[in-house]
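Please keep the sequence and the coordinates in view while reading.

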Amino acid sequence: LQTDKDMTDSSSSRRMAVLIVEDDPHSQLYFTKLLAGLYDTAVADSAAEAYKLLHERAFDLVLMDIQMPVLNGYEATKAIRKFNSGLPILALTANAIRGEQDKCLAVGMNDYIIKPFKEEDFLKRIAYWLNHPLPLAVTATNKSFLIPNQILYNLSALNEISRGNKE
């Protein structure tokens with residue numbers, strides 16, 4: 001669990017909390033680093049772990065990967081909606097196929113975010129669902145506060161892993 005002191009719930013001194021439900025360790029790291037300094041984050045690498053965490057503590061928003069082993073994001077959302085109908089759940093998917101967004105909304109998700117995305121747009125969507133403005137520092141020209149002095153991607157390693165495939 002990460003803690004920084006920036007975005008707090010106006011009704012208390014508690015920071016806004018985001019649960020990242022994602023089975024891929026690289027994506028977990030990316031989302032955690034992207035949200036660091038803005039929100040408290042917790043990571044669940046399965047739907048079962050997400051369900052457990054949501055019963056243990058309060059979260060203000062869930063980022064839900066669609067493609068996960070055992071229980072996918074659709075089924076996880078249905079289970080969450082049985083005990084929490086008001087929690088914003090945002091689908092994270094690489095599938096930009098017709099009907100995918102409708103399917104996400106039909107199971108109770110509030111929004112649908114296609115990966116890859118522009119970081120600023122992603123952060124604005126989260127801020128919208130949390131009903132919280134982003135700090136002025138989040139602009140297209142100044143994102144240095146997001147991940148100070150850290151490199152998220154090793155392009156050489158990605159090129160090697162993809163065997164030179166640019167797609």
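In this predicted model, the side chain of Thr32 reaches the backbone oxygen of Gln28 at a distance of 2.7 Å. Thr32 is found in helix α1, and its relative accessibility of 10% is under the 20% limit, so Thr32 counts as buried. Along the chain, Thr32 and Leu19 are 13 residues apart, and their C-alpha atoms are separated by 9.7 Å.

The secondary structure of the protein comes to 6 helices and 5 strands, which follow one another along the sequence in the pattern β-α-β-α-β-α-β-α-β-α-α. Of the 167 residues, 42% count as buried. Among the contacts in the protein with a sequence separation of 6 or more, 59% are made by residues 24 or more positions apart.

Helix α1 may now be taken as a whole. Thr32 is one of its buried residues, a set made up of Ser27, Gln28, Tyr30, Phe31, Thr32, Leu34 and Leu35. What covers these residues includes the strands β1 (17–21), β2 (40–44), β3 and β4, together with helix α5. Just after α1, Gly37 takes a positive phi of about 85 degrees.

Two packed helices are described by the angle between their axes and the distance between the axes. Here the axes of α1 (residues 25–35) and α5 (residues 119–130) come within 11 Å and cross at roughly 70 degrees. An angle of 65 to 115 degrees counts as roughly perpendicular, and therefore α1 is roughly perpendicular to α5. On the α1 side, the meeting residues are Tyr30, Phe31, Leu34 and Leu35, and on the α5 side they are Glu119, Phe122, Leu123 and Ile126. By class, this contact has 7 nonpolar residues, no polar residues and 1 charged residue.

On which side of its axis does helix α3 carry its buried residues, one side or several? The residues concerned are Gly73, Tyr74, Ala76, Thr77, Ile80 and Arg81, within a helix that spans residues 73–81. They cover an arc of only 165 degrees around the axis, and therefore lie on the same side of α3. An α-helix has 3.6 residues a turn, so residues three or four places apart point the same way. The buried residues of α3 pack against the helices α2 (47–56) and α4 (100–106) and against the strands β3 (61–65) and β4 (89–93).

Thr77 lies in α3, and because its relative accessibility is 0%, it counts as buried. Leaving out residues up to four places away in sequence, Thr77 touches Met64, Ile89, Val107, Gly108 and Met109.

Asp60 is placed in the loop between α2 and β3, and with a relative accessible area of 15% it is buried. A polar atom of the Asp60 side chain lies 2.7 Å from the backbone nitrogen of Ala17. Apart from neighbours within four places in sequence, Asp60 is in contact with Arg14, Arg15, Met16, Ala17, Leu87, Pro88 and Leu130.

Most residues other than glycine have a negative phi, and most peptide bonds are trans. Val70, in the loop between β3 and α3, has a positive phi of about 70 degrees although it is not a glycine. At 90% relative accessibility, Val70 counts as exposed. Asn131, in the loop between α5 and α6 (155–161), likewise has a positive phi, of about 55 degrees, without being a glycine. Its relative accessibility of 69% is over the 50% limit, so Asn131 counts as exposed. Finally, a cis peptide bond joins Lys115 and Pro116, with omega about 0 degrees. Pro116 is situated in the loop between β5 (111–114) and α5.

Key. Residues are numbered from 1 along each chain as its sequence is written. This is a predicted model: local features need pLDDT of at least 70, side-chain atom pairs count only at pLDDT 80 or more; totals for chains, interfaces and linings use all residues. Side-chain values use heavy atoms; hydrogens and water are left out. Axes are lines fitted to C-alpha atoms, for helices over the stretch in contact, and angles run from 0 to 180 degrees between N-to-C directions. Helices (H or I, at least four residues) and strands (E, at least two) are DSSP runs, numbered from the N terminus. Angles under 35 degrees count as roughly parallel, over 145 as roughly antiparallel, 65 to 115 as roughly perpendicular and the rest as oblique. Contact means heavy atoms within 4.5 Å. Ala, Val, Leu, Ile, Met, Phe, Trp, Tyr, Cys and Pro count as nonpolar, Asp, Glu, Lys and Arg as charged, and the others, Gly among them, as polar. Buried means under 20% relative accessible area, exposed over 50%, partly exposed in between (1.4 Å probe, protein chains only). The arc is that of the directions from the helix axis to the C-beta atoms. A polar contact is a pair of N or O atoms within 3.5 Å; within protein, one must be able to donate a hydrogen and the other to accept it, and residues adjacent in sequence count only if both atoms are side-chain atoms.
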